[in-house]
Amino acid sequence: MNTEKLDFLTEKAKEIRISTIEMIGNLGVGHIGGALSIVELLTALYNGIMDIDPEDPKKANRDKLVLSKGHAGPALYATLADRGFFDKSWLSTLNAGGTMLPSHCDMNRTPGIDMTTGSLGQGLSAAAGLCLSNRMSGIDKRVFAVIGDGESNEGQIWEAAMAASQFCLDKLTAFTDYNKMQIDGMTADVMDLGDIEGKWASFGWDVQRIDGHDIEAIFNTVEKADVETDKPSMIILDTVKGKGCFFAEGNLSNHNMAFNSTQAAEAIALLRKENKYGNA
Amino acid sequence: MGMRETYTESLIRLAEKDERICLLDADLRVGHGTKPFYDRFPDRAINCGVAEANMLGIAAGLAAGGKIPFAETFGCFAARRAFDQFFISGNYAGLNVKLLGSDPGVTAAFNGGTHMPFEDLALMRAIPGLTIVSPCDPYSLGELMEPLAYSDGCVYLRMPRKAEQQIYMGNEKIELGRGKVLKEGSDITIAATGFVMVPEALKAAELLDKDGISAAVIDFHTIKPLDTDLIEEWAGKTTMIVTMENHQKSGGFGGAVAEHLSSTKPVPVFRIGIEDRFGQVGTEAFLKQDYGLTAEQSAPLIRDFFYKLK
Ligand SMILES: Cc1ncc(C[n+]2csc(CCOP(=O)(O)OP(=O)(O)O)c2C)c(N)n1
Ligand SMILES: [Mg+2]
């Protein structure tokens with residue numbers, strides 16, 4: 001990736017992070033931690049990786065994303081608004097009565113959302129179904145899914161893992177947002193995922209592992225995941241929950257956090273001061 | 001003190017006396033405020049991670065081993081995700097699993113439609129022999145915790161986590177399986193259940209009073225077994241029964257009342273509840289209004305129905 005493109009995407013990720021913090025700050029409470037850990041991923045997916053058209057969000061021949069950890073909706077809304085799926089003014093309506101942007105992803109409300117999620121563990125199965133549907137219709141497009149590390153406690157994740165491998169869903173690329181935290185603490189303390197790479201490999205998946213905040217690495221691994229094998233792909237993203245928001249990052253209570261717009265503004269000011277290397 | 005604090009305190013009190021009492025979470029320990037139990041009884045508290053079905057299976061195993069397990073998660077996951085495990089491993093197996101389904105109906109608020117159980121009572125009511133409880137304030141919850149722990153078989157406890165409110169003075173006798181008359185009345189009887197709707201019922205009764213309609217209000221903290229004696233008594237004393245619940249109209253508390261009366265003492269039953277709709281995101285106040293659960297919306301409907309009967 002040339003530096004110009006990388007700089008552009010890095011700057012974009014920063015703006016999306018800022019919108020996410022702003023949106024939740026306006027409301028006063030929200031799933032800030034798990035939203036911020038996937039900002040680089042969403043930035044990369046919607047700005048260069050996925051074949052999508054904001055003018056025609058439902059076109060049949062497109063790549064799709066299932067945000068299985070649906071509580072991270074706000075980060076995806078910021079990404080979609082930035083990409084032009086809907087007006088940025090919508091972002092201030094998060095969770096308001098009648099909103100198009102509910103806390104958890106809803107495909108019947110928000111342009112650009114490909115699957116309804118929020119009950120953890122269900123999205124990866126739906127992504128497998130989308131792949132099978134594409135195969136039946138002769139559509140040669142990719143399906144992406146994002147699952148949480150806490151979410152991976154759910155048995156259904158592993159049912160989907162087995163099925164995707166059995167059905168040779170090579171067009172399926174899933175990401176585990178391995179931010180090492182769930183609600184009640186560190187995943188290692190609540191329900192340890194152990195050898196996470198080994199687990200996915202033993203379920204028959206191609207496995208890669210990268211720094212989930214490294215945009216260039218995301219592009220490279222996603223490209224590699226697409227080379228012809230008959231296996232689905234899992235990309236483990238080592239991430240930081242609450243990344244880039246000083247009061248959320250590293251805070252064990254950052255899952256569904258209350259903060260106001262003044263605090264949000266402080267965090268945003270700090271982000272704006274940072275240079276492209278992440279140093280203030 | 002709010003509902004979850006009362007819940008945790010009661011459990012600790014019970015666990016101090018009885019070492020069979022244990023607690024299970026599914027990565028919502030923080031949300032349910034049960035950490036004091038973990039601190040006090042680390043060997044009797046089990047966090048199963050985000051795996052509700054597994055949690056209910058483990059709870060059933062604990063019960064089969066002679067323990068009295070209390071498992072907790074949001075009502076949507078308690079009723080939907082883990083239904084078969086609760087049904088088979090718990091209820092059908094004749095075991096003793098106590099399940100808390102929190103944030104029922106509109107109290108799920110900002111968590112939105114995926115998290116908003118309007119159907120948990122319908123599912124749970126269909127389980128033979130299950131005890132279903134939906135207390136309206138911390139005091140009545142606290143009074144019910146011991147009978148629930150020692151009731152025979154499984155329990156489904158439906159309540160919001162965070163809210164505080166006081167309906168009872170704190171010296172009343174609250175009996176599992178027995179409704180409680182909160183206000184006398186001679187024209188109609190409002191039977192209400194739960195934290196959200198009992199206060200609305202009291203308010204609706206006040207509004208009806210202004211129209212010259214005298215409404216009794218009864219708190220049905222126990223939905224199953226239903227206090228059929230009390231229902232029949234008031235069906236005899238007043239012209240009609242109104243039910244109020246933070247749940248789908250179909251299959252819920254009002255359904256239970258109507259089913260019973262239709263074959264014992266048929267009187268008109270007017271049901272306030274959610275009309276065949278899914279949940280959505282919003283503040284609790286917005287949602288109550290949008291689903292027509294407020295006293296201000298209900299009272300005129302009840303009044304018109306009552307006038308039509310006359
Ligand atoms: C089936 C189900 N159980 C419980 C929840 C409540 N819940 C929401 S997020 C969460 C923790 C998820 O942890 P993780 O997947 O690691 O999310 P992240 O750290 O990415 O925010 C839980 C338990 C839910 N949404 N769905
Ligand atoms: Mg996590």
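This is a tour of a predicted model, stop by stop, with what to select and what is there.

**Before starting**

Residues are numbered from 1 along each chain as its sequence is written, while chains are lettered from A and ligands numbered from 1 in the order in which they are written. Because the model is predicted, local features need pLDDT of at least 70 and side-chain atom pairs count only at pLDDT 80 or more, whereas totals for chains, interfaces and linings use all residues; side-chain values use heavy atoms, with hydrogens and water left out.

**Stop 1: the magnesium ion**

Select ligand 2, the magnesium ion, which is coordinated by A:D149 (OD), A:N179 (OD1) and A:M181 (O) at 2.0 to 2.1 Å. Donors here are N, O and S atoms within 2.8 Å of the metal (3.2 Å for Na, K and Ca); water is not among the atoms, so sites may look incomplete. Along the chain, the donors follow the spacing D-x29-N-x1-M. A:D149 lies in the loop between β3 (143-148) and α6 (155-166) of chain A, and A:N179 in the loop between β4 (172-178) and β5 (181-182) of chain A, so the pair ties together parts that are 30 residues apart in sequence. Helices (H or I, at least four residues) and strands (E, at least two) are DSSP runs, numbered from the N terminus.

Are these two residues buried or exposed? A:D149 is buried, with a relative accessible area of 2%, and A:N179 is buried at 5%. Buried means under 20% relative accessible area, exposed over 50%, and partly exposed in between (1.4 Å probe, protein chains only).

**Stop 2: ligand 1**

Select ligand 1 and the 24 residues around it, of which A:K69, A:H71, A:D149, A:K241 and B:E52 come nearest. A residue counts as near if one of its heavy atoms lies within 4 Å. Residues from chains A and B surround ligand 1, so the site is shared between chains.

Now show the polar contacts (pairs of N or O atoms within 3.5 Å; within protein, one must be able to donate a hydrogen and the other to accept it, and residues adjacent in sequence count only if both atoms are side-chain atoms). A polar side-chain atom of A:K69 lies 2.7 Å from an oxygen atom of ligand 1. For the side chain of A:H71, the distance from an N or O atom to an oxygen atom of the ligand is 2.7 Å. A:M181 uses a backbone N or O atom, 3.0 Å from an oxygen atom of ligand 1.

The protein covers 99% of the 600 Å² of accessible area that ligand 1 has on its own; accessible areas come from the Shrake-Rupley method with a 1.4 Å probe, and for residues, only the protein chains shown count as cover.

**Stop 3: strand β6 of chain B**

Select residues 155-159 of chain B, which form strand β6; 5 of its 5 residues are buried. B:V155, B:L157 and B:M159 are on one side, with B:Y156 and B:R158 on the other.

B:S102 stands opposite B:M159. Two strands pair if DSSP finds at least two bridges between them.

**Stop 4: B:S10**

Select helix α1 (residues 3-17) of chain B, where B:S10 is found. B:S10 counts as buried, at 2% relative accessibility. Its side chain reaches the backbone oxygen of B:T6 at 2.6 Å.
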